[in-house]
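Subject: Structure for you to look at

Hello,

Here is the structure I promised to pass on. Please open it and keep it beside this email as you read.

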Amino acid sequence: GGWVLLQNCHLGLDFMDELLETLLTAEIQEETFQVWITTEPHPKFPITLLQVAIKFTNEPPQGVRASLKRTFSGINQDLLDVSNMPMWKPLLYTVAFPHSTVQERRKFGPLGWNIPYEFNSADFKASVQFIQNHQDNCDIKKGISWITVRYVIAEVQYGGRVTDDFDKRLFNCFARVWFNEKMFDSTFCFHTGYKIPVGKTLGQYFEYIHSLPAMDSPKVFGLHPNADITYQSNTAADVLDTITNIQPKESGAGPGETREEIVYRLAEDMLEKLPSDYIPHEASYHLNKMGHLNSMNIFLQQEIDRMQKVITTLHNSLNDLKLAIEGTIVMSEANALDNMYNARIPQVWKRVSWDSSTLGFWFTELLERNHQFSTWIYEGRPNVFWMTGFFNSQGFLTAMRKEATQAYKGWALDTVTIYNEGLKQKKEEITASPSEGVYIYGLYLEGAGWDRRNSKLIECTPKILYVQLPVVHIFAVNTT
């Protein structure tokens with residue numbers, strides 16, 4: 001009649017099949033007997049076991065109000081009364097607020113954190129413990145050492161998880177603004193309407209938390225209102241994706257075209273427009289003519305090799321799909337058929353290429369990328385490069401740096417840094433390559449705007465999520 005608790009079952013998936021068999025075959029007399037399983041979501045978790053189980057999911061709370069409620073539900077009255085110093089309670093609340101902020105910023109994707117970190121209640125508890133110890137040991141005359149508090153919270157407790165330099169800088173900024181003497185001022189607030197409550201009991205804190213807005217403005221987390229549009233759009237796209245995935249796949253018997261006919265027509269259309277293969281000896285001849293040891297031409301060779309792989313994959317996959325629809329070969333391309341019908345990029349194509357929102361955009365990009373490579377190899381180096389049309393954009397910048405080090409005697413690749421300068425011209429207005437470096441276009445700004453007159457970054461305009469950058473001149477500078 002007891003309970004069995006199995007934890008972290010995503011680490012032992014083989015045992016799950018065995019457990020299911022045991023549960024189905026064992027004759028359990030006691031009605032009170034229960035098996036509890038904890039697991040992370042895993043694509044290979046046995047679906048049969050999930051179907052026979054009652055499922056509970058533990059989702060992170062949405063919004064500051066829900067997050068603070070959850071944080072304070074783990075705090076008892078004893079912890080609140082642990083110190084009779086006036087700084088203790090405001091400090092406790094001030095640690096709880098950034099804890100909610102760092103978790104909430106994750107939902108905004110790269111706008112919130114460059115890398116989504118797994119902050120949890122252990123970070124909060126460790127920070128509270130540190131504040132408590134620091135307060136017990138601090139000199140009453142000198143007061144709190146804010147440099148220590150900021151360092152431990154932003155660099156050690158939470159910052160210990162942070163690996164990106166810009167994320168670390170952001171966290172230090174939060175700590176600098178929120179952890180200082182001003183926080184004890186009655187006018188202090190994290191954001192308009194988000195103050196530090198004054199109370200003696202947990203009930204008073206919960207009462208204040210309950211009065212906070214249910215929906216938070218992104219400004220609370222130091223973000224522009226546009227960030228919320230991006231988040232809402234991504235959420236809606238995920239919901240619609242899920243709905244599309246669970247749609248029935250059978251083709252209807254109505255008067256219109258069947259799924260297979262639509263995909264067959266699409267495959268034929270793509271094969272017709274597909275660029276022709278690069279003939280190796282022809283490509284080598286042109287590369288040698290341009291100088292095959294030049295770093296830019298080595299980069300071009302690598303890009304063409306990858307492009308050829310995409311063209312071959314596409315050619316074989318579409319031909320197999322056509323044969324499978326005709327019934328000549330066994331349908332191994334069922335996934336590709338479903339994806340193409342839903343205007344998505346089949347996984348087998350995505351693996352060798354790049355990501356895009358729809359199949360139409362992806363195929364247009366394929367033609368445009370190929371056009372840039374074929375023009376470059378057969379007609380000579382372009383005046384302006386489409387930066388986002390490369391597989392390895394970082395490699396392109398390294399090749400440009402290498403070209404600069406070869407041009408100047410005594411320069412070393414390690415000491416050469418990239419500098420950039422936004423131009424006022426559009427790509428159509430540029431008629432010649434720069435004397436040094438390269439001109440690039442195709443970059444977009446997210447989370448910022450561009451002042452064309454002064455060529456500098458500005459705050460983004462409301463409701464405009466992406467801003468296209470003009471042509472940028474990128475060149476190398478020797479730091480020594």
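First, a term you will need: a crossing of two helices is right-handed if the near helix is turned clockwise from the far one by less than a right angle. Also note that this is a predicted model.

Start with helix 11 (residues 259–273) and helix 16 (residues 359–379). From helix 11, Leu 266, Met 270 and Lys 273 meet Leu 359, Phe 363 and Leu 367 of helix 16. Five residues of this contact are nonpolar, none is polar and one is charged.

Now go to helix 3 (residues 64–73) and helix 5 (residues 88–104). Here the axes come within 9 Å and cross at roughly 130°. Helix 3 and helix 5 are therefore oblique to each other. Helix 3 also passes helix 5 in a right-handed crossing. The residues that meet include Leu 68 and Phe 72 in helix 3, and Tyr 93 and Phe 97 in helix 5. This contact has six nonpolar, five polar and one charged residues.

Last, the strands. Strand 1 (residues 3–6) pairs with strand 2 (residues 34–37) in the parallel sense, over four bridges. Leu 6 has Ile 37 in strand 2 as its bridge partner. Together with helix 1 (residues 13–25), strand 1 and strand 2 make a right-handed β-α-β unit.

Best wishes

Notes:
Residues numbered from 1 in each chain as written. Predicted model: local features only at pLDDT ≥ 70, side-chain atom pairs only at ≥ 80, totals over all residues. Heavy atoms only, no water. Contact = heavy atoms within 4.5 Å. Helix = DSSP H or I, 4+ residues; strand = E, 2+ residues; numbered from the N terminus. Nonpolar A, V, L, I, M, F, W, Y, C, P; charged D, E, K, R; others polar. Pairing = 2+ DSSP bridges. Right-handed = clockwise from strand over helix to strand, strands pointing away. Axes fitted to C-alpha atoms, helices over the stretch in contact; angles between N-to-C directions. Parallel < 35°, antiparallel > 145°, perpendicular 65-115°, else oblique.
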